[in-house]
Amino acid sequence: MSEEQQFTGGSVSNDTLSLLMKHASVRQFLDTPVSEEQLAAIIGAAQMASTSSNVQAYSVIAVTNPGLKAKLSGYSGNQAYIEQCPVFLVWCADLYRLHETAGPHLGDTPSYEDTTENLIVATVDVALAAQNAAIAAESLGLGIVYIGGIRNNSAAVSELLGLPELVYPVFGMCLGTPAGASGLRPRLPLAAVLHHNGYDKEQTKEQVKLYDKVSSQYMLARTGGQSDIPWSAMMAKRLAEPARLHMKEFLQDKGFMKR
């Protein structure tokens with residue numbers, strides 16, 4: 001197996017796999033609008049993602065208003081591409097709809113939509129749907145970048161978009177026509193993530209050492225020789241910096257994780 005195959009999954013290929021292997025985050029967009037037909041097709045594809053027990057516990061806010069995008073950019077760490085992209089999608093885990101729909105059928109029967117398990121269900125549902133949307137968008141010649149920074153100020157985002165109880169913004173997604181090509185970032189070797197019949201701790205460690213060499217070379221090229229920091233060192237730096245410690249309290253305030 002060649003080095004390229006080792007880091008991209010092997011030699012089997014078709015049009016769908018080729019599209020998936022070419023994914024790269026886009027942070028520069030043309031001002032070309034995303035049509036309503038394109039948006040409907042993308043969200044329609046998202047809806048066909050797998051969903052736990054057909055709960056479909058997510059909603060999507062499509063933000064095109066420049067003023068709203070500017071505020072969301074500020075709440076997300078002043079990421080300029082939120083303002084630049086023609087459509088900014090805010091993907092929300094949504095148990096409010098489930099609560100409102102099931103309520104009339106339950107009567108006096110206790111309801112458990114506020115459990116940690118249902119928070120997990122809703123968060124997984126929205127992630128699966130969003131990735132379907134990402135691939136659908138790329139199949140139409142559009143590009144995306146996920147914005148985890150939407151959780152930097154979750155309460156402010158929720159208030160701005162009028163998110164009710166049991167709805168929280170999981171991440172944003174810039175959507176539009178890419179302005180130029182984006183480089184591919186190498187992923188962990190397949191053997192670092194694919195285990196057979198049990199978790200292999202030694203294999204994980206060895207494959208990360210291999211990936212550190214690849215990621216160092218990538219960073220040297222990306223930074224013009226300014227940095228060769230390996231992946232493991234980047235991850236150590238990330239773990240040493242507390243991030244979004246408000247999320248537990250915020251989620252509980254929104255009605256999640258009561259049990």
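Before the first entry, a definition to keep at hand: helices are DSSP runs of H or I with at least four residues, numbered from the N terminus. I also keep in mind that this is a predicted model.

Entry 1, the end of helix 8. I checked what comes after helix 8 and found Gly 162, with a positive phi near 65 degrees.

Which residues of helix 8 are buried? I listed Ser 154, Val 157, Ser 158 and Leu 161. They span an arc of only 100 degrees around the axis, so they sit on the same side of helix 8. I then looked up what covers these buried residues, and the cover includes strand 1, helix 4, strand 2, strand 4 and helix 12.

I took helix 4 (residues 66-75) and helix 8 (residues 154-161) as a pair: their axes lie 10 Å apart, at an angle of about 165 degrees. Angles over 145 degrees count as roughly antiparallel, so that is how I describe helix 4 and helix 8. The crossing is left-handed. From helix 4, Leu 68, Lys 71, Leu 72 and Tyr 75 meet Ala 156, Val 157 and Leu 160 of helix 8.

Helix 10 contributes Val 208, Tyr 211, Asp 212, Ser 215 and Met 219, and helix 11 contributes Trp 231, Ser 232 and Met 234. My class tally for this contact reads five nonpolar, two polar and one charged.

How values were computed: Residues numbered from 1 in each chain as written. Predicted model: local features only at pLDDT ≥ 70, side-chain atom pairs only at ≥ 80, totals over all residues. Heavy atoms only, no water. Axes fitted to C-alpha atoms, helices over the stretch in contact; angles between N-to-C directions. Helix = DSSP H or I, 4+ residues; strand = E, 2+ residues; numbered from the N terminus. Parallel < 35°, antiparallel > 145°, perpendicular 65-115°, else oblique. Left-handed = near helix turned anticlockwise from the far one by under 90°. Contact = heavy atoms within 4.5 Å. Nonpolar A, V, L, I, M, F, W, Y, C, P; charged D, E, K, R; others polar. Buried < 20%, exposed > 50% of the residue type's maximum accessible area, 1.4 Å probe, protein only. Arc of directions from axis to C-beta.
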